[in-house]
Amino acid sequence: MPRFVPEDSLASPRFTGPATFARLPHVRTLEGVDVAVVGVPFDTGVTYRVGGRFGPNAVRAASVMLRPYNANLDVKPFELLSCVDYGDIAIVPGYTERSYEAIEREVAPIVEAGVVPLLVGGDHACTLPHLRATRSRGPVAVIDFDSHTDAWDSYFGEKYNHGTWMRRAIEEGLVDVEHSIEVGLRGPLYDRDDWTSLESELGLEYLTTEDIFRLGPAESARRIRERVGDRPAFISFDIDVVDPAFAPGTGTPEAGGPSAHEMLTIVRGLAGTDFVGFDVVEVIPAYDPAGQTSFLAASLAYEMLSLLALRRR
Ligand code: MN
Ligand code: MN
């Protein structure tokens, strides 16, 4: 059985060669693979700034900095998991539903092969086809890190965009609602019940950014773990949940958020959870002057791999 590991950055400098996620081999195979990192260069679903189509390659370029040992979680993810950079999905620029079909068609075989997909966006609209592709695992407990609910019904009459995927996914029976949670909500809303209706109408629990500051990262993580329990879980990480000071390269920033450190700590605090899928979305390199947003996204993806490795150990 083949095993796929990153290039050794002590044998060839990390800035050499074509950039793949964490310097993993770029292969389109599922045999002998535990995790497939997949780029989704889709940004047709946004409502404000565009440019997320360049996110996957920016995150790849930043991710060459990742090293084999995760000191915070005491784990070497690539020793325990065979990982590949699966390349990008050929989305259809400008056409959301045709892109959704392409994403589902490409990701479903990954899931069905027992490989855990880690998608790098692209805008948040691509989480809906990602969840559709995960359908064979049954409804999943979604942990949505986001400053926005993404549970609106429509935008200018359109049902499929980055602000509606959560509601669509619930309607389609893809979400284990009773064990799902939104984390990090903040910013001005359209109306008073935009957050409370998550619970009253959809049955979703949520933690606001103010809750995170009040509880602290460790207790926030404990609340999330308690909500998810032992269900198959799915992390969707919208980078705009992090304060724009740490993650300026995104499409719909909201002021006054948790730091990179606080959010990394919360993600690490989810160790023990049974994850079946991950995505990191909404990175726009054009607004990312020092590449810090891409690097944070790569680091979050590394923590997700580490969580999976810990669970498999
Ligand atoms: Mn979002
Ligand atoms: Mn958002």
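D150 and D238 are both buried, where buried means under 20% relative accessible area, exposed over 50% and partly exposed in between, with a 1.4 Å probe and protein chains only. This is a predicted model, in which local features need pLDDT of at least 70, side-chain atom pairs count only at pLDDT 80 or more, and totals for chains, interfaces and linings use all residues. Side-chain values use heavy atoms, leaving out hydrogens and water, residues are numbered from 1 along each chain as its sequence is written, and chains are lettered from A and ligands numbered from 1 in the order in which they are written.

Which residues hold the manganese ion (ligand 1)? Its protein donors are H124 (ND1), D146 (OD), D150 (OD) and D238 (OD), at 2.1 to 2.2 Å. Donors are N, O and S atoms within 2.8 Å of the metal (3.2 Å for Na, K and Ca); water is not among the atoms, so sites may look incomplete. Along the sequence, the spacing of these donor residues reads H-x21-D-x3-D-x87-D. Distant parts of the chain are linked here: D150 lies in the loop between β4 (141-145) and α5 (165-171), and D238 in strand β7 (residues 233-238), 88 residues apart. Helices (H or I, at least four residues) and strands (E, at least two) are DSSP runs, numbered from the N terminus.

H148, in the loop between β4 and α5, and D238, in strand β7, are 90 residues apart, and both are buried.

Finally, the two manganese ions (ligand 1 and ligand 2) are 3.2 Å apart, with D146 coordinating both.
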